[in-house]
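I opened this notebook to record what I looked up in one structure. The entries follow the order in which I made them.

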Amino acid sequence: IYIFNKFMTKRLLTRQDNKRKADELEEAKEMQQNMLPKIFPQSEHFEISAGLITSTEVGGDYYDFFESNKGELFAVCGDATGHGTTSGMMVSIIKSALNSLPSLPVNKILEELNRIVKKIDLKRIKMSLVVSKITKDKIVLSSAAMPPVYFYNAKEKKCEEILIEGIPLGGLKNETYDILNKKFDKDDVLIMLSDGLPEAINKDNEMYDYDRIKSFILNNVTKSAEEIKDLLLKELDLWMGGIVPDDDVTFVVVKKK
C-alpha cells in the first residue's frame with residue numbers, strides 16, 4: 001500500500017507538472033501572437049503581407065511595421081535565440097524600443113537597439129533582426145545576423161540574394177552595422193525571412209534550403225504580396241507533409257505597385 005501510494009503521488013505530481021508546462025507554453029504562444037501587428041500597412045505605392053508559423057516550441061520570431069515621425073514606413077523581421085518565455089521577453093524589449101526610437105537611418109536603429117539589449121543583458125539570449133525603410137522609389141536595408149533577403153528586379157527579371165553581414169543584437173558593445181540601398185520600381189518584390197524557412201526539415205530529413213526559396217519567388221512574382229504569402233505557406237505545408245516545423249517560420253513580403 002505504501003509503495004502504491006508513493007507511485008500514485010509521483011504520477012499525480014508528474015501529471016500536474018506536465019499540465020503546468022503545457023499551460024505556460026500556450027500562454028507564451030498567445031503572447032507571441034499578440035505582439036504581431038493585426039493589420040498590415042496600406043499604401044498607394046506598395047503592398048505588404050507577412051506570415052508566421054509557430055513551431056512545437058515557442059520561438060522568438062517576430063515581424064512588425066512602424067512609422068517614423070516623418071511618415072516613413074519601416075518593416076522588420078527578426079529571430080531571438082532560444083525558445084520559451086526568455087525569447088518572448090527579448091521580442092517584447094525590441095518591440096517596445098522600436099516604438100520609442102526617434103527617426104533614424106536603418107543601421108543606426110540597429111546600433112541603438114544593440115545598445116539597449118546589451119544594457120539589459122539577457123545573457124545568452126540574442127536577437128537577429130533585419131530592418132528596411134520603404135519609400136515609393138527606394139528600399140534601404142540593414143541587418144544584424146539575419147539570413148539573406150531576396151530582391152526581385154522586375155525590369156531585369158532577376159532574383160538577387162542579398163546577405164548583409166552583422167552580429168546579433170546584444171553581442172558586442174558599440175557594434176556598427178552596414179546599410180544597403182535598392183531602387184524600388186514597379187513589380188519589384190522584397191522578401192525578408194527568418195532561418196526557419198530555409199532550414200525546415202521534412203519527413204525525409206531534407207532541408208527546404210535557399211535555392212527553393214529563390215525558385216519559388218521567380219515562379220510567383222506576378223502574384224500580389226498577399227497571394228505570395230499564402231502560396232509560400234501552402235508550399236511549406238506541402239514540403240513538411242503536415243508536420244510542424246522544429247523552428248518558427250517567419251517572412252515579410254513587400255511588392256511595388
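Predicted model: local features only at pLDDT ≥ 70, side-chain atom pairs only at ≥ 80, totals over all residues.

Entry 1: I began with strand S2, which spans residues 60-67. I noted that this strand is mostly covered, as seven of its eight residues are buried. I then looked for its partner and found strand S3, residues 73-80, joined to S2 by eight bridges. The two strands run antiparallel.

Entry 2: Next I turned to helix H2 (residues 85-100) and helix H3 (residues 106-120), whose axes come within 11 Å and cross at roughly 135°. I therefore listed H2 as oblique to H3. The crossing of H2 past H3 is right-handed. I wrote down the residues in contact: Met90, Ile93, Ile94, Ala97 and Leu98 from H2, and Ile109, Leu113, Ile116, Val117 and Ile120 from H3. Sorted by class, this contact holds ten nonpolar residues, no polar ones and no charged ones.

**Entry 3: a lysine.** Is Lys229 buried or exposed? I located Lys229 in helix H5, residues 225-240. Its relative accessibility is 11%, and the cut-off for buried is under 20%, so Lys229 counts as buried. Leaving out residues up to four places away in sequence, I found that Lys229 touches Ser49, Ala50, Gly51 and Phe251.

Key:
Residues numbered from 1 in each chain as written. Heavy atoms only, no water. Buried < 20%, exposed > 50% of the residue type's maximum accessible area, 1.4 Å probe, protein only. Helix = DSSP H or I, 4+ residues; strand = E, 2+ residues; numbered from the N terminus. Pairing = 2+ DSSP bridges. Axes fitted to C-alpha atoms, helices over the stretch in contact; angles between N-to-C directions. Parallel < 35°, antiparallel > 145°, perpendicular 65-115°, else oblique. Left-handed = near helix turned anticlockwise from the far one by under 90°. Contact = heavy atoms within 4.5 Å. Nonpolar A, V, L, I, M, F, W, Y, C, P; charged D, E, K, R; others polar.
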